[in-house]
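Student: Please take me through some charged side chains in this model.

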Amino acid sequence: MADAHSPTSASDAAGTQRVDLVLEGGGVKGIALAGALEVLEERGYRVNRVAGSSAGAIAGALSTAGISGATMVKILRETDYRRFKDGPFYTRFLLGKALSILLHNGIHRGDYLTSWLQQQLTTHGRPDGTGTFSDLLYRDPEPGLEQEDDTQFRLVLTASDLSAGRLRFLPEDADDLGRSPEQLTVLEAVRASMSIPVFFRPVRWRTATGKSAWLVDGGLLSNFPVSVFDRPEGQEPRWPTFGIKLSARPETHLGVVNKISGPLSFAKAVVDTVTGFYDRMHIESSHSRARTIFIDTDAVRPAEFDLSDEDQEMLYRKGRQATEDFLDGAAGQEAWDFPQYISRYRSPHSR
């Protein structure tokens with residue numbers, strides 16, 4: 001692949017195609033994202049910018065550090081996910097879990113995950129990195145063309161700000177949270193984005209005014225901000241933005257079906273409806289579906305950290321197969337064609 005750190009054109013002389021990616025979160029399902037990235041690289045796509053939450057944040061941090069999809073697959077296959085459950089010893093028991101939630105608003109510290117990610121970035125990432133977003137400043141790759149959007153960095157991670165009741169895009173929103181965007185570390189942003197409520201302790205930052213900001217998994221408000229890199233209305237994209245979603249292709253006009261049989265299932269239905277509504281509004285638009293790779297990972301739960309080798313292989317294979325089907329076409333699915341996508345959905349006469 002061409003050097004991912006210094007893109008110079010939408011398509012270079014070797015035929016490498018630039019692509020922006022939006023990666024859905026999904027806890028341990030991240031190996032499916034790595035399988036998808038591996039196929040895209042094999043087909044000549046070069047990652048330009050990445051947005052993601054939770055597992056998508058981790059994959060995005062690895063990718064924008066210059067770590068290939070094949071290396072990412074190797075890393076994730078060798079990872080013992082059980083070590084991510086790093087709560088105090090008493091959290092091995094149900095009462096201990098409840099106590100940890102009561103005392104810390106979450107069961108596990110998340111320290112092992114951040115140290116694990118640091119090790120991967122240090123071992124496999126580019127050697128001259130500072131670990132901050134200053135390494136990931138973004139400039140429009142076409143000389144003389146002014147940048148058209150507000151995206152200042154090659155990596156954009158989402159976190160849910162419980163104190164302000166809003167979605168945060170990091171590092172762009174770091175100023176509001178008492179941080180300098182360029183000096184914010186990638187590890188800090190990933191730790192906030194992957195804080196699965198209850199499972200991991202939330203991240204607490206101090207805002208510029210000294211108030212507390214409690215940050216949890218970006219997927220609580222938006223797990224799939226597919227339009228984050230889109231050009232302004234009426235302007236054709238110069239290269240594709242692919243979404244990679246860790247769920248099966250949705251039926252048009254249908255949300256998530258929740259069976260309600262009691263108070264617990266009712267509470268779950270409320271949470272599923274609230275957390276998925278924003279993203280469903282986006283994915284139900286035809287142009288969003290047309291550029292999204294849907295990977296059916298519903299057989300695995302996001303917090304299933306005792307994942308078997310067989311399930312890891314299944315997720316990886318599904319990630320690869322879904323991406324190959326998206327690019328080449330499959331039963332009931334056209335092959336990806338960027339000019340055709342623009343003509344149908346993004347050119348002025350298509351509106």
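**Charged pairs**

Tutor: R126 is partly exposed, with a relative accessible area of 26%; buried means under 20%, exposed over 50% and partly exposed in between (1.4 Å probe, protein chains only). The model is predicted, so local features need pLDDT of at least 70 and side-chain atom pairs 80 or more, while totals for chains, interfaces and linings use all residues. Residues are numbered from 1 along each chain as its sequence is written, and side-chain values use heavy atoms, without hydrogens or water.

Student: Which residue forms a salt bridge with R126?

Tutor: D128 does, with the closest N and O atoms 3.8 Å apart; a salt bridge needs a side-chain nitrogen of Lys or Arg within 4 Å of a carboxyl oxygen of Asp or Glu. D128 is exposed, at 59% relative accessible area.

Student: And R238 and D140, buried or exposed?

Tutor: Both R238 and D140 are buried. Their salt bridge has its closest N and O atoms 2.6 Å apart. It links distant parts of the chain, 98 residues apart: R238 lies in the loop between β8 (212-217) and β9 (241-245), D140 in the loop between α5 (111-124) and β4 (155-161). Helices (H or I, at least four residues) and strands (E, at least two) are DSSP runs numbered from the N terminus.

Student: What does R43 pair with?

Tutor: R43 forms a salt bridge with D328, the closest N and O atoms being 2.8 Å apart. R43 is in the loop between α1 and β2 (45-52) and D328 in helix α9, so the pair ties together parts 285 residues apart in sequence. R43 is partly exposed at 39%, as is D328 at 45%.

Student: How many salt bridges are there?

Tutor: The count is 20. E38, E42, R320 and E324 are linked in a network of them.
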